[in-house]
Amino acid sequence: MCGIVAVIDSQPVKKTIIGGLKKIQYRGYDSAGVCFKSDLKLVTIKVKGSVAKLETELNGYDGEIAIGHTRWATHGQVCEKNAHPILSSDKNWAVVHNGIIENYKEIVDERTSEGECFFTDTDTEVISSLLSANDFEDNLRSVLWTCKQLKGSYAFCAINKSDNHVYAAKHKSPLYAFCDGKMSMFASDPICFPKGDYYKFEDDEICKMSKGKLEFFNFKGEKIKKTLQKYQNINSSADLNNFEHFMLKEIYETPDVLDRVCDVYEKLDLTALKKLKFSSVKLVGCGTAYHACLMGAEFFKRILNIDAEAVQASEFRYGKQIIGSHSLCVFVSQSGETADTIAALEKISKKKAKTLVITNVPHSTLSQMGDMHFSTCAGPEICVASTKAYCSQVVVLYLLTMALKSEKHFYQALRDVRKLSEQIQKFFINISPFAEEIAKHDKVFFIGKGIDYITALEGALKLKEISYINCNSFPAGELKHGVLALVDEGTPIIVVATDEKLYEKTMNSALEAKSRGGKLFVISSLLPQAYELKDFEMCMTLPKVPKLLRGVMAAIPLQLLSYKVCMIKGLNPDMPRNLAKSVTVE
Ligand code: G6P
């Protein structure tokens, strides 16, 4: 994980590097640092905490060459010492790194036996140590030699105090480069660059950045020619636009996102999709994307009558999967950089299964993999807790499944999604009384049946990740098989019940919890009967939308609830503790 940025300009770069780091804090934000090269010195400033904190420490520091980092710790505690940039022991090299060096222990042992000292607990320090291990005349040769010693995943940028370049290398972690003839940049995400075309590093490529110039090499040291990638302008910004937090802004963007999905998919050529022949489906993702996969599996089963199963990517990698030429494997990821999801796709790439990838970030690693790629068109999602991207993932899965059924179904699906968008637009309700109640508790249960159970899972994940309340979700019918033992006086039970056919059964389970002291908070598509109201602490009736899209409708109040509870608790929803948006390590 972690985000890296490097800049060379003919003017001071502090503003550019801090601006870039702020944009990629979604990759980690437990500590941050920057190293300026000024004259023949490397000046490193690091903090435990966010880039905003780092910024306040930079008074009086600046330079025309700099590398910067925002960290999500993998090796070594979160502290100033372990924050990047990491200097070599001779202080000649400074390095920022994203990834994991798997053979770092062996390198530490080897280097220590040669008399080297290590000062941090990071795996990254072996990079700076190796860079300074040899006295190659050309620093580029040190970088090449170092890369050959490393195993694992890395994107790193390095500067040496004796020349005016930044060197960067990539193996399995994303890295991009930009140059407009004056200013040059490296970054983990092109979101950091001024709008314009950029270069994408492929695995085992190195780049030497000079003022206004980039030179690319392969690991043999041969110069390579790169093609510019087009900047994809999605009409949605990565700025707060008067909202207090990205999470709220992104929830409110959902209707526009769904309209955009319809506009884009209406014009898409789905011929190749329709030619697919398969008799079973696996859907693979992590976190919220996995919940979208669960929804997708329901769509395949209910709309196409095809056997479908959602699997968490981390389990998919190591579990036994029955996959063959008759299988369709669908990979869902907002970032397109989730290490487990990428590895899951790599695992089946040798089999004959057809692969379909759904991502939100068009330039991401996963977007370039698989037989077919579809975009969720949600625009930049910055908040760690996924909201608009979840809704668009579910909707895209719905549209694709309906397209596989028939043209008529596909056009009906587009109308359904437009209707859903309209209904969501009208349903940004005041959720404060509900949130005030929930915020008082340290455990909350979510229950539902069928598709509503999937919504319960997603609701619980959202609330736990930004409120730190212990939230768990269960199929309503499972309560009595253990969970009821945890229900005591006042335990909040959030009941998702949008399916009229399952409503009564869900309520029976909910009432069993109420009899044991539970308080029921109901989210339903049905108007409650007067006699029911006395049993409910609170009840919210959702606007009518087609049955299979009710999960998206119900997700909106649950997202708003999580946001509000987080506000009441005085927490930051965009940067929850210990988490990161893009999980690029296993
Ligand atoms: C992390 C994020 C989640 C996200 C998951 C999968 O855990 O905190 O919000 O759902 O990764 O990410 P992806 O980018 O693959 O959708």
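**View A. Asn578, an exposed residue with positive phi**. In this predicted model, Asn578 has a relative accessible area of 62% and therefore counts as exposed (buried is under 20% relative accessible area, exposed is over 50%, and partly exposed lies in between, with a 1.4 Å probe and protein chains only). Although Asn578 is not a glycine, its phi is positive, at about 65 degrees. Asn578 belongs to the segment after helix 18 (550–568); helices (H or I, at least four residues) and strands (E, at least two) are DSSP runs numbered from the N terminus. Residues are numbered from 1 along each chain as its sequence is written, and side-chain values rest on heavy atoms, with hydrogens and water left out. Because the model is predicted, local features need pLDDT of at least 70 and side-chain atom pairs count only at pLDDT 80 or more, whereas totals for chains, interfaces and linings use all residues.

**View B. Backbone features at Asp204 and Pro85**. Asp204 is a residue other than glycine whose phi is positive, near 60 degrees. Its place is the loop between strand 11 (199–200) and strand 12, where Asp204 is partly exposed at 29% relative accessibility. At Pro85, the feature shown is a cis peptide bond to His84, with omega about 0 degrees. Pro85 lies in the loop between strand 4 and strand 5 (86–87).

**View C. The residues around the ligand**. The shell consists of Cys286, Gly287, Thr288, Ala289, Ser333, Gln334, Ser335, Thr338, Val384, Ala580, Lys581 and Val583; a residue is near a molecule if one of its heavy atoms lies within 4 Å of it. Helix 9 (residues 287–304) supplies the largest share of this shell, 3 residues. By class, the shell holds 5 nonpolar, 6 polar and 1 charged residues (Ala, Val, Leu, Ile, Met, Phe, Trp, Tyr, Cys and Pro count as nonpolar, Asp, Glu, Lys and Arg as charged, and the others, Gly among them, as polar).

**View E. Helix 3 and its buried face**. The buried residues of helix 3 (residues 104–113) are Tyr104, Ile107 and Arg111. Seen down the helix axis, these buried residues fall within an arc of 60 degrees, so they line one face of helix 3; the arc is that of the directions from the helix axis to the C-beta atoms. An α-helix has 3.6 residues a turn, so residues three or four places apart point the same way. Lys105, Asp109 and Ser113 are exposed residues on the face of helix 3 turned away from the buried side.

**View F. The salt bridges of Arg111**. A salt bridge is a side-chain nitrogen of Lys or Arg within 4 Å of a carboxyl oxygen of Asp or Glu. Side chains of opposite charge can pair when their charged atoms come close. Arg111 and Glu116 form such a bridge, 3.3 Å from N to O, and both residues are buried. A network of salt bridges links Arg111, Glu114 and Glu116.

View G. Lys211 lies in the loop between strand 12 (205–210) and strand 13 (213–218) and Glu64 in the loop between helix 2 (51–56) and strand 4 (65–71), so the pair ties together parts 147 residues apart in sequence. Glu64 is partly exposed, at 33% relative accessibility. Lys443 is partly exposed, at 23% relative accessible area, and Asp488 is partly exposed, at 39%.
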